[in-house]
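The following exercises treat a structural model, each with a worked solution. Please examine the sequence and the coordinates before reading on.

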Amino acid sequence: MRNKIKVYRAMHDLTQEDLAQAIGVTRQTILAIEKGKYVPSLDLAFRISRHFRVNVEEIFLYDEATRDPPSG
Amino acid sequence: MKKNTFYLLVGCIALTLLGIFWYSVETHRPLLIEISFVFAILITYLVRRTVTDLIDDERTIKITEEAMVRTFQVFWVVFAAISIGAVMEILYIPEFPREPRSGRPPVILPPKLMGYIQLGLLCLMIFLYVGFRIYYARKYGEWETDEE
């Protein structure tokens with residue numbers, strides 16, 4: 001899963017800390033999502049996209065090549 | 001309550017528990033430390049709910065959950081294997097002796113050895129949890145650095 005959070009943050013002139021506080025997560029979580037280390041839940045993905053007033057698929061792009069293997 | 005105050009309180013509770021543990025050992029009253037431990041955990045949980053500046057977001061919860069699941073997956077195998085040995089003690093039926101046996105019946109696992117085994121299990125559980133927690137924290141970008 002790729003995302004454009006960093007781009008949208010730059011467009012809205014927001015720091016990671018600002019965005020994190022606005023959606024109720026830690027700065028480390030925003031950083032992990034931006035770097036592709038953590039794939040957010042649907043709920044968090046929607047909260048992020050709603051914050052930027054765009055559709056979720058404009059920020060999060062499903063990438064078949066980087067698909068996580070099923071856990072278990 | 002602020003986060004730092006909470007950590008300070010947890011430290012105080014841990015020190016108190018250590019004192020109670022020492023007293024229990026000296027006076028040989030295991031029930032005292034057992035009850036104190038349960039109360040300490042309950043107090044910690046209740047106080048934690050009042051902390052205002054501690055954010056538990058979904059990534060932090062995921063790290064904790066994954067570490068707990070993996071710890072349990074490894075630990076239960078070791079725990080079950082050792083517990084089977086202890087169960088042998090209950091199921092042990094001595095063979096019919098040809099002549100009356102004198103003294104106490106044979107003990108498969110002496111209580112002191114069981115104590116050491118339990119201590120080992122406790123340490124194993126802590127090490128497993130800390131190890132898995134570090135592993136998953138790294139995996140989900142806990143110590144990532146950024147240009148910001």
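**Exercise 1: The interface**

Determine how many residues of chain A are in contact with chain B, and classify the side of chain A that touches chain B.

Solution. Two residues are in contact if their C-beta atoms, placed from the backbone, lie within 7 Å. On this criterion, 13 residues of chain A meet 11 residues of chain B. The greatest contribution to the chain A side comes from helix α3 (residues 27-34), with 4 residues; helices (H or I, at least four residues) and strands (E, at least two) are DSSP runs, numbered from the N terminus. Sorted by class, the chain A side holds 5 nonpolar, 6 polar and 2 charged residues. Here Ala, Val, Leu, Ile, Met, Phe, Trp, Tyr, Cys and Pro count as nonpolar, Asp, Glu, Lys and Arg as charged, and the others, Gly among them, as polar.

The model is a predicted one, in which local features need pLDDT of at least 70, side-chain atom pairs count only at pLDDT 80 or more, and totals for chains, interfaces and linings use all residues. Residues are numbered from 1 along each chain as its sequence is written, while chains are lettered from A and ligands numbered from 1 in the order in which they are written. The model scores ipTM 0.81 and pTM 0.78.

**Exercise 2: Chain A and the core**

Describe the fold pattern of chain A, then state which residues touch the most other members of the largest nonpolar core.

Solution. Chain A has 5 helices and 2 strands, arranged along the sequence as β-α-α-α-α-α-β.

A nonpolar core is a set of buried Ala, Val, Leu, Ile, Met, Phe, Trp, Tyr and Cys residues joined through C-beta atoms within 7 Å. The largest has 16 residues, of which A:I5, A:I30, A:A32, A:I33, B:Y136 and B:Y140 touch the most other members. Helix α3 of chain A gives the most to this core, with 4 residues. Leaving aside residues up to four places away in sequence, A:I30 touches A:I5, A:Q16, A:L19, A:A20 and A:V25.

**Exercise 3: A residue of chain B**

Is B:L31 buried or exposed?

Solution. B:L31 lies in helix α2 (residues 30-48) of chain B. B:L31 counts as exposed because it has 8 C-beta neighbours inside 10 Å. Its C-alpha atom is separated by 25 Å from that of B:I84, 53 residues apart along the chain.

Terms used
A residue is buried if 20 or more other C-beta atoms lie within 10 Å of its own, exposed if 12 or fewer, and partly exposed in between; C-beta atoms are placed from the backbone.
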